[in-house]
Amino acid sequence: MEAILLKKGKKLLKNGKSKSKKILDEVFDFADQHPQDPMALSASLLVVAKTIYLDILGPEQTSEMFYAFAQDLENHEYEKATIH
């Protein structure tokens, strides 16, 4: 699953058609096709994002991006879900 998303993401970036809306539309379409395991899909998207960030920004800025994301989660109120 993550290989498909990564391939699509790289193809869009390579073709210069990386408009945010088009990419997000494709990701949400893919997610709609695989509703049975949202946690696996989310993990796959994180792997894809990390790979794209590494390719474009490099390791130091990628680390900073993920750190900023994690810091934002600390300030976010959410309900804990039990994963079975």
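What percentage of the 84 residues of the protein chain count as buried? I looked this up first. The answer is 14%. Buried means under 20% relative accessible area, exposed means over 50%, and partly exposed lies in between, with a 1.4 Å probe and protein chains only.

**Ground rules.** I noted that this is a predicted model, where local features need pLDDT of at least 70, side-chain atom pairs count only at pLDDT 80 or more, and totals for chains, interfaces and linings use all residues. Residues are numbered from 1 along each chain as its sequence is written, and side-chain values use heavy atoms, with hydrogens and water left out.

**Overall build.** I looked up the secondary structure next. The protein chain has four helices and zero strands. From the N terminus on, the order is α-α-α-α. Helices (H or I, at least four residues) and strands (E, at least two) are DSSP runs, numbered from the N terminus.

I then checked contacts, meaning heavy atoms within 4.5 Å. Among contacts between residues at least 6 apart in sequence, 54% join residues at least 24 apart.

**Surface.** The accessible surface of the protein chain is about 7,100 Å². Carbon and sulfur atoms own 58% of that surface. The areas come from the Shrake-Rupley method with a 1.4 Å probe; for residues, only the protein chains shown count as cover.

**Aromatic pair.** How many aromatic pairs does the structure hold? I found one. Tyrosine 53 and phenylalanine 66 form it, edge-to-face, at 5.9 Å centre to centre and 65° between the planes. Tyrosine 53 sits in helix H3 (residues 38–57) and phenylalanine 66 in helix H4 (residues 59–74), 13 residues apart, and the pair links distant parts of the chain. For the rule, I wrote down that rings of Phe, Tyr and Trp (its six-membered ring) pair if their centres lie within 6.5 Å; planes under 30 degrees apart are stacked, over 60 edge-to-face, and the rest tilted.

**Around phenylalanine 66.** Leaving out residues up to four places away in sequence, phenylalanine 66 touches Leu46, Lys50 and Tyr53. I also checked lysine 50: its C-alpha atom is 8.3 Å from that of phenylalanine 66, and the two residues are 16 apart along the chain.

Leucine 46 is in helix H3. I read 43% relative accessibility for leucine 46, so this residue counts as partly exposed. Serine 44 also lies in helix H3. At 7% relative accessibility, serine 44 is buried. A polar atom of the serine 44 side chain lies 2.9 Å from the backbone oxygen of alanine 40.

Terms used
A polar contact is a pair of N or O atoms within 3.5 Å; within protein, one must be able to donate a hydrogen and the other to accept it, and residues adjacent in sequence count only if both atoms are side-chain atoms.
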